[in-house]
Amino acid sequence: MTALPPPSAKKLGLVIDLDTCVGCHACVTACKGWNDQGYGAPLSDQDAWGANPSGTFLNRVHSYEVTPETGAPQLVHFPKSCLHCENAPCVTVCPTGASYKRAEDGIVLVNESACIGCGLCAWACPYGARELDQAAGVMKKCTLCVDRIYNENLPEVDRVPACVRTCPAGARHFGDLGDPDSAVSQLVAERGGMELMPEQGTRPVNRYLPPRPKDRLEETAPLAPLLDIQATGFAGWLDRLLDRI
Amino acid sequence: MHPAPSVILFTVLSGLGFGLLAMLGLGAAPVTGWAAFVAYGAGFGLAVAGLLASTFHLGNPQRALRAFTQWRTSWLSREAWASVAALGLMAPVAASAVFMGRLMPALGAVAAVLCLITVLTTSMIYTQLRTVPRWNHWTTPALFFGHAVAGGALLAGLGNAPILLGLLGLFMALSFRAGDARFAERGHTLATATGLGHGKVRSFAPPHTGTNYLMREMIHVVGRKHALKLRVIAVVFAAVLPAVALVLLPAGLATTLVAAAFHLIGAFAGRWLFFAEAEHVVGLYYGKR
């Protein structure tokens, strides 16, 4: 049913630290790797080795340059995937009921066997989180690795989304954003985690931690005292004598 | 937005067909016999051809029947119901006029209202999208209604068609003009999209060297180059020329066909622009619109 469920107490999502992300795209590769082999239709590529390659990805890393009023520009790497919005516009527009938001944990998913591939949900998403797979003709999106996070066949350390597990910089955090005491909620409170395009009214669950302000070095000269050489002993006596002459 | 030919064909043809059927159902052109066969046939033909064209852009059209299930929330699903209900109720009205030479004004009026509701549901599919500010406004249903009513009146050979076509021209010009500033009015920028508002943000590097589904579907920059010329062509052909033809040429089937040909050229140009000029907010992430 494409009516949105009442807001769930548990809101699973990601917190992405834009201060820490180094833009290595490992999360993109890990996401594509994991989601190619289990849940739903594989993420296809078209003309993969040709002149105009293109493919389906559930996570993409943009890079932006931010130039402050004063000081040097800053480069910010910006991973973007489904934000599992509380007020998900992609869900309500779906004519078939393929698109749904889980009442128990808030994950937004697509039932691929019911998807007609009309693409309206991708149009309704402000974040570009949904891509129609060109081979399968069904809509693909981030599942928050629903086939990992509850998978008891995996070691506990692996029961997080593939992107989080693989991030070498520790820039991606997974948890329950509905619980104010969870590690991710604490992180959001501490660092001022933000919503993307809040004016769209989608109320995304995922949060982004803004880059910390750059350190600014004081005009210090730690070697200055060493340069002020005071002669002592015989040299000091000579120094004073020569001053007097 | 990508101006997909199947969706342009669908919205123009089915809008025109449902507009014509609404005029016939309301008894604005009380035809019977062979004249009714041609008139209702054109209405059904256009509406059904449009609906069939709409299935061409589906990834899995064999599951299209599932689109009837989510009428509680989805305008696309409501459109499916409204179109089937309108055509279903209009069928006995048409059969009665063609084969028995008898009009069915009451049922015809109900079916006509359903035809107009179908046009409304089609327009709401676009109007509901907050992600496309140009569409997310009352001018979108007004434009679709204008096309259906004026186009329907033209095909039905109504005397007031030139006036309705003039109104359509005004609506088209208004919606073109009013849509231009809406993206900026809504305040969507790369800074709100990324939350990086502490300085001037620009896209430094895209996520990939090639293109992708999102860019093909939602970032259509090329077509806007000739937007102004196409707007003039759309208004002149969809509204002005058919109105002039209807006023100046002697009334008859030939005149209607000439006016309809002009109207279709303009309607296609206008609908192409409706998509090509519409900017989706996701373009911000790619430093484009």
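Reader: What makes F234(A), W237(A), L238(A), L241(A), L242(A) and I245(A) a nonpolar patch on the surface?

Author: The model is predicted. Together these six side chains have about 660 Å² of accessible area. A patch takes residues with over 30% relative accessible area, and nonpolar side chains are joined within 5 Å. F234(A), W237(A), L238(A), L241(A), L242(A) and I245(A) form such a patch.

Reader: Why is L238(A) called partly exposed?

Author: Its relative accessibility is 32%. Buried means under 20% and exposed means over 50%. L238(A) lies in between, so it counts as partly exposed. The residue is found in helix α8 of chain A, residues 233–244.

Reader: How do you know that E65(A) and R202(B) form a salt bridge?

Author: Their closest N and O atoms are 2.6 Å apart. The cut-off is 4 Å, so the pair qualifies. The count between chain A and chain B is one salt bridge.

Reader: Which elements of chain A supply at least two residues each to the side that touches chain B?

Author: They are β4 (59–67), β5 (74–81), α3 (120–124) and β8 (131–132). β4(A) gives the most, with eight residues.

Reader: What makes up the contact between the two chains, in residues?

Author: Chain A brings 60 residues and chain B brings 58. Contact means heavy atoms within 4.5 Å. Across this interface, 30 residue pairs are in polar contact.

Reader: How much area do chain A and chain B bury between them?

Author: About 4,700 Å², with 58% of it on carbon and sulfur atoms. The figure is the accessible area lost on being put together, summed over both parts.

Key:
Residues numbered from 1 in each chain as written. Chains lettered and ligands numbered in written order. Predicted model: local features only at pLDDT ≥ 70, side-chain atom pairs only at ≥ 80, totals over all residues. Heavy atoms only, no water. Patch = residues over 30% accessible without salt bridge, like charges linked within 9 Å, V, L, I, M, F, W, Y side chains within 5 Å. Areas by Shrake-Rupley, 256 points an atom, 1.4 Å probe, with all protein chains shown as cover. Helix = DSSP H or I, 4+ residues; strand = E, 2+ residues; numbered from the N terminus. Buried < 20%, exposed > 50% of the residue type's maximum accessible area, 1.4 Å probe, protein only. Buried area = accessible area lost by both parts, 1.4 Å probe. Polar contact = N/O pair within 3.5 Å; in protein donor to acceptor, adjacent residues only side chain to side chain.
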